[in-house]
Each structure stands twice: as C-alpha cells, then as structure tokens.
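Dear colleague,

I am passing on the structure below, and I would ask you to look through it before reading the notes that follow.

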Amino acid sequence: MEKFVKLTSTAVPLKVENVDTDQIIPARFLKVTNKIGFGENLFRDWRYNPNNEPVASFVLNDDTYSGQILVVGDNFGCGSSREHAAWALTDYGFKVVVSSYFADIFKGNALNNGLLPLQVSPEFLQKLFNAIDENPNTTFTVDLESQTISIDGSGQQSEFDIDPFKKVCMLNGYDDIDFLISKKDAIETFEKQRQTEINF
Amino acid sequence: MGKTLFDKVWDSHVVESIPNGPDILYIDKHLIHEVTSPQAFAELETRNIPLLRPEQILATADHNVPTVNQHLPIKDLLSRQQLQQLTENCKKHNITLYDLGHKYQGIVHVMAPELGVTQPGMTMVCGDSHTSTHGAFGTIAFGIGTSQVAQVFASQCLILNKPKSLRVNVNGKLAKGVTPKDVILYIISHLGTNSGTGYFCEYAGNVFREMSMEGRMTVCNMSIEMGARGGMIAPDETTFSYIKDREFAPKGEAFEKKIAYWKTLPSDADAVFDQEYHFNAEDIAPMITYGTNPGMGMKINGTVPLNKGESDKKALAYMGFEEGQSLIGQPINYVFIGSCTNSRIEDFRMAASYIKGKQKAPNVNALIVPGSQQVVKQIEQEGLREVFEMAGFEIRQPGCSACLAMNDDKIPSGEYCVSTSNRNFEGRQGQGSKTLLSSPLVAAAIAVEGKIIDITKFLN
C-alpha cells in the first residue's frame, strides 16, 4: 500500500449527500478480475450521458476544478461493499476524500487502499465548499501526522480523527495482512481453545 | 452490567486486543462469490501467502450469472471469465463451490441459511454488504471489502474496532398486509440511511419474535441500508426448528448441545445499549419508496414528503415525482420479485397468495427470480410455478439478477420498476431506471393492477 504522510492540493467539490457506491462505480463495471482502470468509469453515469458524451455540468468535466482532494456531501460511500469504489477514486488520482460522514465499509476500504477518508464537522465542510467556490485555485493541506486539514492562506484549520492503528498503517504504507500473519500462533491457540469450549 | 447478544458473540471471538487499538476478531465462516473475490486471490498469490482455512470458506456464483439457460456457456465474455476465475480459484485452493448447475447454487445469503451453514453465535463475513442477512440467526455477520477478503483468506481474522450497540424495538400487532419488508422500510424511513453507521443493531420486541426466519432475514438484510454494519435477532425456538435437519446443521446429540449453548446468547435483561429506538407495530403500514435511497420511503397511500435539501430535490427530479404527490395510480411497467432481501419461499408464497386466479396487467413485465435452486424446487413442489405462469409472470433461474443489473436483467432507462430488492439508488437496476422498493405482496398486487394501488383497500 502507498504511504500517506502529507498532501497539499486544490480540491474538487461534489455537493451531493448520500453518494452511494453504485454512483461511484456502477455494477456493470465490476466484471473484471483485476484492480486496474476503474478511474475511467468513476461516477460514470453522472459524468457521461447514455451516448457516452461528457456531461459538461458535472464537476469532473469542469476544468475549473482539479486536484487530489475530493470534497463531498454527508454520508459518502453508502451502499454496496464493493472495494472497486475505492479503487476507482485512487485510480482517478484522488488521495483524500473529505466529508462530514462516511459509511463504515467504504471508510475501511479506503483506508486499506491508502485513500484517506477525512471526516470534518458539517460546518467545516461548508467552509471548504465556500473556499473552493470563492477561488477554485485554493489549496488545502492535509497532514496525517498532526491530523489536521488547513485551508491554505486563510488560517482556518480543523483537526480530524483517525483510528491510531490505521494511522500507523497509512503513515508507513503497511496493510493488515502482514500484521495478521504475524499473529498466526495466537490465532491457532484461539482455534484450539474455542473447539474445546463450545465444541465447534 | 449484563451483556448484549452482540457482546457475547463478539467477545467470544476476540483472539487478541491490540492495546489502545482494535480487536483481532476470529471469523468462523467466510462466504465468497465471483465479483469481490478474484482480486483477493490474486493479492495472496502475488505475495505467496497460503489460505489458512479453506474448509471454512464456501463459494457460490450469484451476482453475475444469467437467469436464463444456465446450462449453456455464458454469452457475455467478461461474466464468463469472472465465473471461470472463481471456479479455478476454488479448485486450486480446495474451496467448496456451488457453481451454476449445482443443486445448492443460489444467492449467497439465501443459500447459506437454507443449508444450515448459518448458525447462532457464529461470526460470518462475505464481500457483500447484505451479509447482515445472517444476523437473523443471532450471528455476527457483516459485509467486507476485497482487502478484508484477502485478510480472512490469510488469517481467518479481521482487525476491527468493536462497533457500538443499537437496539430497535417494535412491539404491538401488525395490521393485515404489513410484512417484514414494510417493517424494515418503515424503520429506515424514520431513522435515515446513516443512523446506524458505527453500530451493530439488535431488533427486539414481539414483532420480531413472532416473525418467521425468512421474515427475520428480510429485516436483518436491510440493516446496512440504515448504515449499520449488521443486524441481529436473538435465537429462539423458531431459529432452532428452522436449522434442525438442514444439510450442514449438527445432528442428534451435537444439535442438542448446540441448542443449550445458543440459549445462552440472547441479551441479558440488564444489558445497556448505546442507542435505542421504539416503534409501535400499529403505526406501520404497507410501504413504498419514492426517492433514490432506501430511507426515502412512505406509506403506500401517503404523499411524497415535503423535502428541503438539494440532495432530496435531486432525488425527486430523478424519479419524476413532486413533493406532496400521491403515488396511487402511477403506471408501472416492470415488477421484480427477487434478491437476497425477498427471494425465499415465504416471499413467493406471499406473492402467489395474491396472484392466484388473477392475471398480470398487460403493460407489466413481471419477473420472478428465486433465490436458490432449493427455492426453485420448493416453488415447483408447492404448485406455485403454475400460479405464476398462469398469471403471466416469468420465472427465471436463481441469481442476484435485476437487483443490481450486472447480468442482462436490466430495467430500461426511464422506466419505473417496483422491486422487492434493497436499493433504489439511481441506475441501480440499469442506467436511467427508477426503482420503487416494496414487499412481495405489494409488488404482486401492482403487477396485477399495472399501477400503484392502495393495497390496504385490496385486502378483504
């Protein structure tokens, strides 16, 4: 997994709430057996019309906005557990998604792919949207070590929470598999105990 | 302080707690399917990591399969390759697979419970958010991403923070025509789509105690639609008699021993939940959704609520509905009865009881997709096939089908579909399709009438 330490970038605003993973990557693109190329179909049905022509009003098709940070409305990533949603966002080039709320499974999937799901208060989220509206070239700095996100040049900053274990993983690019394999003895001891206890 | 059902099952599966961090949780059963497993197998192969407990994994083909001519080679190249990949991976790693053509093949959350694989007190995972279904048995069951599928392959464990506890109580007497699907749609319409985020939910009260296992599965299935990772219902005699004698259920003395253990699982009387809600059964009516998330539901004879937010307005614009509008009389051309929410035998009995002796409306395409080969067999044994066919419904072969439209079962753009599935997201059933979620009873009645009706007036 790629490390995440600190990032300064402009941001792309998507002012929609309850964005589900079917919108992030529709099911018809899940027929492949690898993780490559999902970015092409990120937000496919909002980004392209049924004739496969770009929808000019959709934010990813608007040259005004760019960057590695996606700022989105409340309850992002609800619905299906498809990790393809996280792969589509990272493949497109996003490294951070900022929202006032994330669905559980999406949040876990993002963290397992080096994509930082950064939760801020609804008020601070509004400040981020306002800053982009006022000047789409505004940059934002996300510092994982200090757990802060700043609106550069404005003096406005917010702290964010992250599970301490996942923070170490993100900072170092570790994933859970290596850690779990290192626990093999404890797992096997647990299995034996459990078999005796309840006859499983 | 007493323990909740969830505490008891979770605590007995903690291998180790990381100081000031998450738990390492042991997983008893791992269900896999063709769509979310291939990248996990590939990950392990690339890193040369073996699967720790292949005997605790069970695979089936469901998401991507055609629902016609399953005996023929699959026409769609990508679908065919994905299913071939599953077959190869299972063969290579000695994993039991109920592939197309197998007598046990079916939607993963229909197949495992009906075979007795799902049992109280277990931990179960699957790369599918509706794994919450299995919680109906007093099981901790939840959906995981593909990275986690790989973690369970490698270690039979996951690293997780223990979720908070939530209890939803529904007591009282349900009116005629109010089904388990209406109960859960009602709950989600009141609590919203993210009220359960960070929680594991227990459903309690006489309404759930009196429900069949099929009904309980419908309820727990949709826990994820209010954001909860999973839902659970305390195991009781209904649970035990459902499991008894099923293919993989313990038999004889072993079964009796298990029952004694299962009886210790329900929440203690003095257990405290982090959050609790109470609803009266008498307030619940047959439901339908009008928007693009499962929380946007209303009584079928109600009116579309007055919404304020931009996102709600966007949803109504997509659906072609207006604030304050009644949906009664809205023409419907597509009806889908199926999915892991409502494709069990009881769902089809319910639909057939309404349809018997009637005809579907000429404008309606009515699709019946049983959840598994076992359900197909039951439909035939109980004479329901004739009921559906005489009424002009089309019966397909098992799979996830039009719930997520990965195969050819798509609803055309712009068309409304009354569906017994779990998600009414934009384009979920096909690009531009408009989904209205309902119970199998409401779906059956709408198929007959060709438009949305007030079902309460059609039940004598």
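This is a predicted model, in which local features need pLDDT of at least 70 and side-chain atom pairs count only at pLDDT 80 or more, whereas totals for chains, interfaces and linings use all residues. Residues are numbered from 1 along each chain as its sequence is written, chains are lettered from A and ligands numbered from 1 in the order in which they are written, and side-chain values use heavy atoms, with hydrogens and water left out.

I begin with the interface between the chains. Chain A contributes 56 residues and chain B 68 residues to the contact (heavy atoms within 4.5 Å). About 5,100 Å² is buried between chain A and chain B, with 56% of it on carbon and sulfur atoms; buried area here is the accessible area, for a 1.4 Å probe, that two parts lose on being put together, summed over both. Between chain A and chain B there are 9 salt bridges (a side-chain nitrogen of Lys or Arg within 4 Å of a carboxyl oxygen of Asp or Glu), and Asp175(A) forms a salt bridge with Arg47(B), where the closest N and O atoms are 2.6 Å apart. The rule also finds 31 residue pairs in polar contact across this interface, both residues being at pLDDT 80 or more; a polar contact is a pair of N or O atoms within 3.5 Å, where within protein one must be able to donate a hydrogen and the other to accept it, and residues adjacent in sequence count only if both atoms are side-chain atoms. On the side of chain A that touches chain B, α8(A) gives the most, with 8 residues (helices, H or I, of at least four residues and strands, E, of at least two are DSSP runs numbered from the N terminus). By class, that side of chain A has 23 nonpolar, 13 polar and 20 charged residues, where Ala, Val, Leu, Ile, Met, Phe, Trp, Tyr, Cys and Pro count as nonpolar, Asp, Glu, Lys and Arg as charged, and the others, Gly among them, as polar.

Within chain A, the assignment gives domain 1 (6-161) and domain 2 (163-199), with bounds that come from an automatic or database domain assignment. The centres of these two domains of chain A, taken over C-alpha atoms, are separated by 30 Å, and 8 residues of domain 1 are in contact with 5 residues of domain 2. Domain 1 and domain 2 of chain A bury about 660 Å² between them, of which carbon and sulfur atoms give 67%, and the count of salt bridges between them is 0.

Chain B has 15 helices and 19 strands, and its domains are domain 1 (5-160), domain 2 (164-283) and domain 3 (307-454). The C-alpha centres of domain 1 and domain 3 of chain B lie 27 Å apart, and the contact takes 24 residues from domain 1 and 22 residues from domain 3. Between domain 1 and domain 3 of chain B about 1,900 Å² is buried, 54% of it on carbon and sulfur atoms. Across that interface in chain B the rule finds 0 salt bridges, but 15 residue pairs in polar contact, both at pLDDT 80 or more.

With best regards
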